Amino acid sequence: MLRLTMAIDDVLLDVLTESNDELYEDDYMKVVKIIKEIQTGSKDYVKRLQLVIWKKKNTDLPDFDIRGFSYKTNRYQKGLTLNHFEMEELYQSLKDYFES
């Protein structure tokens, strides 16, 4: 678990020390890093694993976020947001599942 925590902490540290160039921002959130885009079979639509800062939370610490994004409309769909500790638990659960 320590190795996993270090990897997730490294991702967060990279984001906090990078430039402040915003990738996307609206009234609710600011995307600070796109970690991975997953193709869905549609050329206009992807699912993104990204780090976001939610404006209503009043914090600069980003959360992990998975949601669909449409290039055609330049808008996000509904998704799932996980904090640092929830992401660690999800990662460990997936790792255990695929290694068994």
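## Helix α2: length

In this predicted model, helix α2 covers residues 84–99. It has 16 residues.

## Helix α2: faces and cap

Three residues of α2 are buried: His-84, Met-87 and Glu-88. Viewed down the axis of α2, the buried residues fall within an arc of 100°, so they line one face of the helix. Phe-85, Glu-89 and Tyr-97 sit on the other side of α2, where they are exposed.

The N-terminal end of α2 is capped by Asn-83. A side-chain oxygen of Asn-83 lies 3.0 Å from the backbone nitrogen of Phe-85.

## Arg-67 in strand β4

Arg-67 belongs to strand β4, residues 63–70. Its relative accessibility is 12%. Buried means under 20%, so Arg-67 counts as buried.

The side chain of Arg-67 has two partners to note. It makes a polar contact with the side chain of Asp-65 at 2.6 Å. It also reaches the backbone oxygen of Gln-77 at 3.0 Å.

## Surroundings of Arg-67

Neighbours within four places in sequence are left aside here. Arg-67 is then in contact with Met-29, Val-46, Lys-47, Arg-48, Gln-50 and Trp-54, and also with Tyr-76, Gln-77, Lys-78, Gly-79, Leu-80 and Thr-81. Gln-77 is among these contacts, and its backbone oxygen is the atom that the Arg-67 side chain reaches.

Technical notes:
Residues numbered from 1 in each chain as written. Predicted model: local features only at pLDDT ≥ 70, side-chain atom pairs only at ≥ 80, totals over all residues. Heavy atoms only, no water. Helix = DSSP H or I, 4+ residues; strand = E, 2+ residues; numbered from the N terminus. Buried < 20%, exposed > 50% of the residue type's maximum accessible area, 1.4 Å probe, protein only. Polar contact = N/O pair within 3.5 Å; in protein donor to acceptor, adjacent residues only side chain to side chain. Contact = heavy atoms within 4.5 Å. Expected span 1.5 Å × (residues − 1). Arc of directions from axis to C-beta.
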